[in-house]
Amino acid sequence: ITRTVPRVQKAVKWNSPFYGKPGDGWFLVLHSYTHYLQLTFFRGTSLNPVPPGQSKHPEVRYLDIHEGQLDEAGFAAWVAQASRLPGERL
């Protein structure tokens, strides 16, 4: 994330790392589970392609990453796109 968005703002809220643009809100949060990481893209429906995991929130999309299954180029593309969208203010 920091390689793709060098000036990314980082914070920990509710025991989860958040990433955003200073003054523009958050675009991504990570949740750690026993067997995978779940990435939450707050404006996920605006990404191309749209991440696969649906949410009860209309714009939010999830990406579950299991060990050895990260597509680094695809992930970096999503992070770059998400960082250009309006962030979520929490």
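User: Why is Lys21 called partly exposed?
Analyst: This is a predicted model, and in it Lys21 has 22% relative accessibility. Buried means under 20% and exposed means over 50%, so at 22% Lys21 counts as partly exposed.

User: What makes Arg43 and Glu59 a salt bridge?
Analyst: Their closest N and O atoms are 3.4 Å apart, and the limit is 4 Å, so the pair counts. Arg43 sits in the loop between strand E4 (36-41) and strand E5 (53-54), while Glu59 is in the loop between E5 and strand E6 (61-66). The two residues are 16 residues apart, and the pair links distant parts of the chain.

User: Why is Glu59 called partly exposed?
Analyst: Glu59 has a relative accessible area of 35%. That value falls between the 20% and 50% cut-offs, so Glu59 is partly exposed.

User: How do you know that Arg43 also forms a salt bridge with Glu88?
Analyst: Here the N to O distance is 3.2 Å. With the limit at 4 Å, the pair of Arg43 and Glu88 is a salt bridge too. Arg43 lies in the loop between E4 and E5, and Glu88 in the segment after helix H1 (72-83), so the pair ties together parts that are 45 residues apart in sequence. As for Glu88, its relative accessibility is 24%, so it counts as partly exposed.

User: Which residues are linked in a network of salt bridges?
Analyst: Arg43, Glu59 and Glu88 are. By the distance rule, the count of salt bridges comes to three.

User: What makes the lining of the largest cavity six nonpolar and one charged?
Analyst: Phe27, Phe41, Phe42, Arg43, Ala82, Leu85 and Pro86 line that cavity. Phe, Ala, Leu and Pro count as nonpolar and Arg as charged, so the lining divides into six nonpolar, no polar and one charged. About 30 Å³ of space lies inside.

Conventions. Residues are numbered from 1 along each chain as its sequence is written. This is a predicted model: local features need pLDDT of at least 70, side-chain atom pairs count only at pLDDT 80 or more; totals for chains, interfaces and linings use all residues. Side-chain values use heavy atoms; hydrogens and water are left out. A salt bridge is a side-chain nitrogen of Lys or Arg within 4 Å of a carboxyl oxygen of Asp or Glu. Buried means under 20% relative accessible area, exposed over 50%, partly exposed in between (1.4 Å probe, protein chains only). Helices (H or I, at least four residues) and strands (E, at least two) are DSSP runs, numbered from the N terminus. On a 1 Å grid over the protein atoms alone, a cavity is a set of points where a 1.4 Å probe fits but cannot get out, and a pocket is an open set with protein on both sides within 12 Å along at least five of seven lines; lining residues have an atom within 4 Å of a point. Grid points are joined across faces, edges and corners, and a volume is the space filled by probe spheres set on the points.
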